[in-house]
Every structure is written in C-alpha cells, then in structure tokens.
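Keep the model open beside the text as you read.

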Amino acid sequence: MTHNGGRRMLFIDLIRNVALIVALAAGLEMLGRTLERRPRTYRWIAALLFGAVGVLGMMTPVSFAPGVIYDGRSIILTLAGLFCGPAAVLAAIVTSLYRLYLGGAGALVGVAVIVEATLLGMTVHFLRSRDERWVGIAGLWGLGFLVHAIMMALQLLIPGIAPWELMTRVGVAVVFLFPL
C-alpha cells in the first residue's frame, strides 16, 4: 500500500462503514417503532445488530500488514456504547470473537480497541443521562477523537510494526477522518 493509496483506502473504508451505519440507523429506527414499549429488549437487539455490522466491517478491511487490519469497528462500537449502554457489551463480544477468529499480529490489539471504544461510548451514554450536552457536536467529536487517539496509541503494541510508518500511513487518516 502506498502512502497516498493507504489514505485513499481508509477514506473509502470510512465511506463503506458510514453506509453500513446509515443502514443500521434505518433498521434501528424501524426496530424502535416496533419495540417502542420495550426499551430493554430494543437495546439488546440493537447491540446485536451493532455487533453484526462490526463483523461486516471487518470482512472488508484495509490491510496494513499481515494480520493488521483497519476498518470502522471502532466507530461502530463507540456508537453501540453511546446508544445501547451496557447492552453494548454484546456487540463487543461478537466483534471480539470475530477479530480473534481472524487472528494475526494485530488480533489482541484489535480486541483492545473494541473494548476501549465500547467503554468510552458507554461512558458518554451514562454522562448523557445526566447532561445532554455530552452529545452535542463538540462532545461527540471529542469522543471520536479520544477513541481514535487511544486506538493509534494501542497500535504501538503490535509486534513488528514500525511506529513512524504506521503513523504516517494510517495515523493521520484514522485520528482525523474516523471521528467525523
């Protein structure tokens, strides 16, 4: 992957994952109408759908190195935590199992990203219940930036990856495009 090609691929991946999220949002809207009086059931089904979309995203990743992949699961799991609260753990389990199944040098770090994105989304879910300002534009962008800055820091734990190459090839795109 060339330097510019990597950024282009991440941008295309981001668009693909945004399309998955839009489809998920439409499905959740219909599900919400059906389960209007059963919010707990809705959250668990929604979490399962977030997990399924996370797996779909991992099926068409951008590959940085053998076993080191980038996709939109960090975005999807942050949203799962934000909208589903504790039920988002189901989405994290589904995507973690699939990431471990894929294996490779980045598998454990990939699971760590799943955990941190879900936990940060759940944290804002709880903060939002106390103050709606947490879900304003600045709060959501800050959440996205924090999730992806931590994600890039975790990438440094992958064995055999040159930090400078990682940061120049994917870091800027991940930290600045994914939060959008």
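Which residues does Leu-79 touch, not counting residues up to four places away in sequence? Leu-79 touches Ile-21, Phe-50 and Cys-84, where contact means heavy atoms within 4.5 Å. Before we go on, a word on what you are looking at: this is a predicted model, in which local features need pLDDT of at least 70 and side-chain atom pairs count only at pLDDT 80 or more, while totals for chains, interfaces and linings use all residues. Residues are numbered from 1 along each chain as its sequence is written, and side-chain values use heavy atoms, with hydrogens and water left out.

Back to Leu-79, which sits in helix H3 (residues 73–84). Helices here are DSSP runs of H or I with at least four residues, strands are runs of E with at least two, and both are numbered from the N terminus. Is Leu-79 buried or partly exposed? Leu-79 counts as partly exposed because its relative accessibility is 21%; buried means under 20% relative accessible area, exposed over 50%, and partly exposed in between, using a 1.4 Å probe and protein chains only. Its contact partner Ile-21 is 58 residues away in sequence, yet the two C-alpha atoms are 9.3 Å apart in space.

Leaving out residues up to four places away in sequence, Phe-50 touches Leu-24, Leu-28, Ile-76, Leu-79, Ala-80, Phe-83, Cys-84 and Ala-91. Along with Phe-64 and Tyr-70, Phe-50 touches the most other members of the largest nonpolar core, which has 42 residues. Helix H5 (residues 107–130) gives the most to this core, with 7 residues. Such a core is a set of buried Ala, Val, Leu, Ile, Met, Phe, Trp, Tyr and Cys residues joined through side-chain atoms within 4.5 Å. In soluble globular proteins, nonpolar side chains tend to be buried together.

Ala-46 lies in helix H2 (residues 39–59) and is in contact with Leu-28, Leu-31 and Cys-84, leaving aside neighbours within four places in sequence. With a relative accessibility of 1%, Ala-46 counts as buried. Its C-alpha atom is 8.2 Å from that of Leu-31, which is 15 residues away along the chain.

Why does Ala-107 count as buried? Ala-107 is buried because its relative accessible area is 7%. Beyond its neighbours within four places in sequence, Ala-107 is in contact with Gly-67, Arg-99 and Leu-100. Val-68 is 39 residues from Ala-107 in sequence, with 7.4 Å between their C-alpha atoms.

Apart from residues up to four places away in sequence, Gln-155 touches Tyr-70, Val-109, Val-113 and Leu-166. Ala-149, also found in helix H6 (residues 137–155), is partly exposed at 29% relative accessible area. The C-alpha atoms of Ala-149 and Gly-171 are 8.6 Å apart, with the two residues 22 places from each other along the chain.

Finally, step back to the whole protein. There are 7 helices and 2 strands, following the pattern α-α-β-β-α-α-α-α-α along the sequence. The C-alpha trace spans about 50 × 35 × 25 Å along its principal axes. Buried residues make up 45% of the 180 residues. Of the contacts between residues at least 6 apart in sequence, 73% join residues at least 24 apart. The protein carries 14 positive and 8 negative side chains, and the centres of the two sets lie 3 Å apart. For that count, Lys and Arg are positive and Asp and Glu negative, without His and the chain ends, and each charge is placed at NZ of Lys, CZ of Arg, CG of Asp or CD of Glu.
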